[in-house]
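Open the model in your viewer and keep the sequence panel beside it. This tour goes from one selection to the next and says what is found at each stop.

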Amino acid sequence: MMKLLIVDDEKNIRNGLKVMIERNYPSTYNILLAGNGAEALKLFRSEPADIIITDIRMPVMDGMELLEQLSLDTSVENRPEIVILSGYDDFQYAKSAIRYRVKEYLLKPIRRDELFKILEQINQEMMERDSSIRKTEQEMEAFLQKLRSSRIQSLLIQEEVQLESEHEDELKGFVVPFTIGVLNYHYNDGKRMKSGELRVIAERLVGPLEKKFTEVITDWDGKLVLFGRNKQCFTELAHRAEFKELTGLLIGISSEGNTMNDIRGCYKEACRALQYSILYSRANLIDYDDLKQGRLCFPSPDEEIRKLLNMLGTEREKEMKNLLAVIFQIEHLKLLDLSYLEAVGRGINERVLDEVFRVHGESSVEVLKLYRQVGSMYNFRHFHDYYRALEHLLISVNDYIIGVRSAHTEHADMKEALAYIEANYQRPINMAMVSNHVSLSYSYFSEAFKANIGESFVLYLKKVRIRHAKELLTTTHYKLAEVSETVGFENSKQFARVFRELEGISPGEFRAKSQ
């Protein structure tokens, strides 16, 4: 309720105004009464009013002196809205009160409609002012929150926190102790959900995150990072995700932090815990405290990795699969320290796969795509998905090497391929048709063709067709379009372009020169 102070030395006027306002605005105003300016000033200092309706002429202290005292009072935070009551004799005198920011003047006798009109106007202006203040406060709060989030975000990557005086206000309100949780969401194809979408999912589970967690930020890698007072809030989020069967939502949480210096360490713990989710297909919440003890770490299997490279291109597929299981210590998988698996993954990338592609190039596009995905096990939701993809890649590379070696030594297949091209160049043939004719895979055939013929299949086919076209241009009177169709080109424009590309002149110029 707003406080309204009525000041008048005539009791009937004071009470009359009070009754009139309360009747028309029930439960809107808490109305206080004073008989003169001195009494009003004392009352106002103990109970500040939002609106003052005051007479001009009063004993002890008149209305003008009251206004002057109020304007000089530095203890008043919010100045009240002033309405002056005046008679005809002192109306011009009352006008001088403009320097005191008087809202309005009411002439006695007071009319209800004029009084209520002024109160309505004051109420509307005060509501607009309060709304503006609230908006400003909200904007300031949002700015400070953004500033604090930015500061905390920077602390995630700082090894040591040094809070300078100019930054202390930025972190005002930071809650300790705290637990950090890092959230991620993997789709079935292994791709990661963006932080904005992840936030929407989390809020559908537990409501606005700012009400559940003390800080909500996004790290430099785009993961959602939450600060909680304890681990319970993360447990609740994980349980609700499990209930909704959101198996892609993963949460890694840290041990408890007690100072600003703990932010970086706790963040790294939460990120590491999140990475460990790759080993647990059914767990969506990994606590770093549960990972501190009992993790197994073996010496680097350099000799086994060397043997794996040697096996590629042989008929030892089963032995290669068994060796891969030994290298990754599959029987101890859930007890392994991630650092071991990471080191093994790097070793296979550098000493096996990189070496294969250094020697054999990037001839197989499909194998290359798989190679890029298998470059990191964290491209997958579960380790067994990574392991299967790596195993499949090694088998594909093995088959590829065997095929290339075989294709290089079987010249009979290439002779058969050239004969097939010579017999069918007029048709819309392609490399897939020819490789199928000689019973070689597309990738192997491409590599073998280049090695044996010295040029690509596409260029060779162009040369065969242009050779036959030149013969027709010199021995027949076929139109150029007929020549183009006879030797297998899709249209005369393509024929002319390829002819000029290989011969340096157009088909028409070649014919004229020959004749």
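**Before selecting anything**

This is a predicted model, in which local features need pLDDT of at least 70, side-chain atom pairs count only at pLDDT 80 or more, and totals for chains, interfaces and linings use all residues. Residues are numbered from 1 along each chain as its sequence is written, and side-chain values use heavy atoms, with hydrogens and water left out.

**The whole chain**

Show the chain as a cartoon. The protein chain has 22 helices and ten strands; these are DSSP runs, numbered from the N terminus, with helices (H or I) of at least four residues and strands (E) of at least two. Colour by burial next: 45% of the 515 residues in the protein chain are buried. Buried means under 20% relative accessible area, exposed over 50%, and partly exposed in between, with a 1.4 Å probe and protein chains only. Of the contacts between residues at least 6 apart in sequence, 64% join residues at least 24 apart; a contact means heavy atoms within 4.5 Å.

Select strand E1, residues 2–7. Five of its six residues are buried. Two strands count as paired if DSSP finds at least two bridges between them.

E1 pairs with E3 in the parallel sense over four bridges, and the bridge partner of Leu5 in E3 is Ile52. Strand E4 (residues 81–86) is joined to E5 by five bridges, again parallel, with Ser86 bridged to Leu107 in E5.

With the five strands selected, what is their order? The open sheet reads E2-E1-E3-E4-E5, with parallel pairing. Its edge strands are E2 and E5 (102–107), each of which pairs on one side only. On average, neighbouring strands are turned by 20° against each other, direction ignored. Axes here are lines fitted to C-alpha atoms, for helices over the stretch in contact, and angles run from 0 to 180 degrees between N-to-C directions. Helix H3 (residues 63–72) packs on this sheet and touches E1, E3, E4 and E5; its direction makes about 150° with that of E3.

**Aromatic pairs**

The whole structure has 20 aromatic pairs. Rings of Phe, Tyr and Trp (its six-membered ring) pair if their centres lie within 6.5 Å; planes under 30 degrees apart count as stacked, over 60 as edge-to-face and the rest as tilted.

Select Phe174 and Phe227. Their ring centres are 5.8 Å apart and their planes stand at 75°, so the pair is edge-to-face. Phe174 is in the loop between helix H6 (165–168) and strand E6 (179–185), and Phe227 is in strand E8 (residues 224–228), 53 residues apart. Phe174 is buried at a relative accessible area of 12%, and Phe227 is buried at 0%.

Go on to Phe298 and Tyr340. This pair is edge-to-face too, with centres 5.8 Å apart and planes at 70°. Phe298 is partly exposed at 29% relative accessibility, whereas Tyr340 is buried at 3%.

Select Phe328, Phe380, Phe383, Tyr386 and Tyr387 together: ring pairs link them into a cluster.

**A residue in E6**

Select Asn184, which is found in strand E6. Asn184 is buried, with a relative accessible area of 8%. Leaving out residues up to four places away in sequence, Asn184 touches residues including Arg192, Lys223 and Leu274.

Select helix H18, residues 442–453. Its buried residues include Tyr444, Phe445 and Phe449. Gly454 follows H18 and has a positive phi, near 90°.

Then select helix H19, residues 457–475. Among its buried residues are Phe457, Tyr460, Arg465 and His468. Which helices do the buried residues of H19 pack against? They pack against helix H16 (411–424), helix H17 (431–437), H18, helix H20 (480–486), helix H21 (492–503) and helix H22 (507–514).
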